[in-house]
Amino acid sequence: MSPRWNGATALSGAEAATGAYGGAGDGGGEGESAGVSGLAGVGAGEGESALAGVGEAAGVRRFWERLGLPGIIDVHTHFMPERVLRKVWAYFDAVGPMTGMPWPITYRHEEEERVALLGQFGVRHFTSMIYPHKPGMAAWLNDWSAGFAARTPACLHTATLFPEEGVTAYVRRAVESGARVFKAHLQVGAYDVNDALLDPVWGLLADAGIPVVTHCGSGPAPGKHTGPEPVARLLARHPRLRLVVAHMGMPEYADFLGLAERYGEVRLDTTMAFTDFSERFAPFPTAELGRLADLGDRILLGTDFPNIPYGYAHQLDALERLGLGDDWLRAVCHRNARRLFGL
């Protein structure tokens, strides 16, 4: 097993859920470019970035322009109803005293400004990762997200689910209405991915070929149903499920890389992984860099925007300093998502 998250972890998954909510077509060429910097360890200070030194948006654009990309695709960003998002931010505001690490929200802006900022960065497509923490939330979150995608052309229509009566029906409705990606948050939802109520749903999504971004790793705090074992049991029954392991499976990196090696439709997103912030608590083992390189066709850029405690460019810096090469970066930041979503 990989090392467990070694920060203070006072919250269980259920407690985190309560705290979080309280109540309620790209084309373009991909040219050649110069070499990249090697693995530099923990370099830039918290919230700082070598790219950001020339201005945040300009720095992000310099990153993908140097790689000859038409922009980047971010598969893990959060847009949700404002009253829900405010409660999520309140949770992160309090996370320092509860877990021992401050978590300032860098992009605490209104929705329209956040969408515009991603456009300025050159993010060609992104998601609206929504997730319920109790029964009765998923369907209305899906309704909201469908409306957001309809008025936000760059957003991939996102939906979610929860193990409850009627879940198959509302997931089917979301699929029929054009959902391109689902979010399953096992830590906040505090549910077992193998719950019998969800089994027809996984079959439906596998047949439809719709990716499911799943927070199933045990960081930043382990939950009752997090970790690689429940996911391994799910994939044994549904090997064609396009599961995207959020946060690289932090901190059980090696185990989730193993699942990707075993199942051809399993992918991992980079959300918060390799950054200075996460390296302090759940460092990615350098011994696994070779496996990360070999799986370069199934790693996807994710950031957790806007709920990150550093600038957007720092995630890109963190990927570049791994030293895995420009072609790996092109695949991770654009090609893999373009192919997965048929963009």
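Two strands are taken to pair if DSSP finds at least two bridges between them, and helices (H or I, at least four residues) and strands (E, at least two) are DSSP runs numbered from the N terminus. In this predicted model, E5 and strand E6 (residues 212-215) pair in the parallel sense over four bridges. Because the model is predicted, local features need pLDDT of at least 70 and side-chain atom pairs count only at pLDDT 80 or more, while totals for chains, interfaces and linings use all residues. Residues are numbered from 1 along each chain as its sequence is written, and side-chain values use heavy atoms, with hydrogens and water left out.

**Overall composition**

- The chain has 14 helices and nine strands as its secondary structure.
- Of its 343 residues, 59% count as buried, where buried means under 20% relative accessible area, exposed over 50%, and partly exposed in between (1.4 Å probe, protein chains only).
- The accessible surface of the chain is about 12100 Å², with 53% of it belonging to carbon and sulfur atoms; such areas come from the Shrake-Rupley method with a 1.4 Å probe, and for residues only the protein chains shown count as cover.

- Strand E5 (residues 181-185) is largely enclosed by the rest of the structure, because five of its five residues are buried.
- Val181, Lys183 and His185 point one way from E5, whereas Phe182 and Ala184 point the other way, and all are buried.
- Strand E4 (residues 158-160) runs parallel to E5 and is joined to it by three bridges, with Thr160 standing opposite Lys183 of E5.
- Between E4 and E5 the chain passes through helix H6 (residues 167-176), and this β-α-β crossover is right-handed, a term applied if, with the strands pointing away from the viewer, the path from the first strand over the helix to the second runs clockwise.
- On E6, Val213 is the bridge partner of Lys183.

**Cis peptide bonds**

- The peptide bond from Gly219 to Pro220 is cis, with omega near 0°, and Pro220 lies in the loop between E6 and helix H9 (228-237).
- The bond from Met250 to Pro251 is also cis, with omega near 0°, and Pro251 is placed in the loop between strand E7 (243-245) and helix H10 (253-262).

- Ala190, although not a glycine, has a positive phi of about 55°; Ala190 sits in the loop between helix H7 (186-189) and helix H8 (199-208) and is partly exposed, with a relative accessible area of 36%.
- Met272 has a positive phi near 70° and lies in the loop between strand E8 (267-269) and helix H11 (276-279), where Met272 counts as buried at 4% relative accessibility.
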